[in-house]
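Thanks for joining. Please have the sequence and the model open while I talk. I'll go through backbone, sheets and confidence.

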Amino acid sequence: MSKNKLLKPLLLIFSIILLCAVLSRVFSGSETLLEYAEKNPEIAYRKKEPERPPENMIQKETAGEIDNVKKGDSTNNDSTAPPEKNKPENHNKETASSHTEEEEEREESSMDIHPQRTTYKEGFYYEPLSEEMIARITGISYPVAESEKETLAIEAINIAASKEDIQISYDDLCYVSILHYNFHGTERTGELICNKAIAQDLVEIFYELYLNEYQIEQIRLIDEYSGDDTLSMQDNNTSCFNYRVVDGTSNLSKHALGLAIDINPFFNPYVVYRNDGTTYISPQGSETYVDRSKDFAYKIDENDLCYRLFKEHGFIWGGNWNSCKDYQHFQKTLE
């Protein structure tokens, strides 16, 4: 009895809803979506095409793709591939290209290293003269002769030499590269040519000077001054080998054998006391630095680090000579 009582109201409600739906269709003339689809299948079931971007956007994207190809950013010829898939491949190729370039640079650098190079510390090494270096100095700091009998005067170094008279060979010389601090406290690379007998001494000495930030204005080959020692001194250039005579004499200098070096020469001049009571000072303009009782920068004396290091390595200092004073000059005598 209770179930029958519940079913009667539900059936009544369902009948009312059905009646309303029928009346709604009759008076409105509408149809269901299913009926509409069956009557118009070409519209209801057509696949939706993707929206086409504006023409100006297409042009911009195309131009961008062309730019990428020019720059080497595109590595995939499939234009349908998403950019996200291309990026990793591009990155790998760029990285590989970068590594290849670095390897090539290292290979080229290693090819430039002389097989007989001796490296003391990073930036401090010496090696036999290369063919390029021999060509660079010949006729300037190193003399030449037209033939074995004919003597050719080298105007730049003011000395005549025949093949037989030249007292040092290319094989006796070394190219030296060192680091130093200039007068602005900036690290620079310096280069010297010296006798191979003192090459190890020089890299050790200049390394200690470098560690102590000892300032040397510049260290360049004398060949950059056409072999002219006076020009080099006036420019306060530190140099070593130069096949020349002692200034004011006809005697071959220790520089001609690569066994002497001049340090900051403008502040440490060469002074000769003549018999007539006059004094010869070189370079010109450095007269104020002849008085060593004065206190000034870059002065070499017995308290100076440069002096102590060269003395420890068995060098003689020109500042200790009697008839002349060569405050810039250190030389070593071979046993």
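**Backbone, sheets and confidence**

Start with P283. It lies in the loop between β11 (279-282) and α9 (305-312). Helices here are DSSP runs of H or I with at least four residues, strands are runs of E with at least two, and both are numbered from the N terminus.

Ground rules next. This is a predicted model, where local features need pLDDT of at least 70, side-chain atom pairs count only at pLDDT 80 or more, and totals for chains, interfaces and linings use all residues. Residues are numbered from 1 along each chain as its sequence is written, and side-chain values use heavy atoms, with hydrogens and water left out.

Back to the proline. The peptide bond between S282 and P283 is cis, with omega at about 10°. As background, most peptide bonds are trans, and most residues other than glycine have a negative phi.

Y298 is partly exposed, because its relative accessibility is 24%. The cut-offs: buried is under 20% relative accessible area, exposed is over 50%, partly exposed is in between, using a 1.4 Å probe and protein chains only.

E213 is another case. Its phi is positive, about 55°, and it is not a glycine. It sits in the loop between α7 (199-211) and β7 (218-219). E213 counts as exposed, because its relative accessibility is 52%.

Now the sheets. Strands pair through backbone hydrogen bonds, parallel or antiparallel. I call two strands paired if DSSP finds at least two bridges between them.

Y125 stands opposite S177 in β5.

Contact means heavy atoms within 4.5 Å.

Next, β10 (residues 270-273). It runs antiparallel to β11, joined by four bridges. Y273 has T279 as its bridge partner in β11. The two strands form a hairpin with five residues between them, and G277 in the turn has a positive phi of about 90°. β10 also pairs with β13 (residues 324-326), antiparallel, over three bridges. There, V272 is partnered with C324.

C324 counts as buried, because its relative accessibility is 11%. C306 counts as buried too, because its value is 0%.

Last, confidence. pLDDT is the predictor's confidence in each residue, from 0 to 100. The chain mean is 78, and 65% of residues reach 70 or more. Residues 106-110 stay under 50, with zero contacts beyond four places in sequence. Residues 146-160 also stay under 50, but have 34 such contacts. Where pLDDT is low, the predicted coordinates should not be read in detail.
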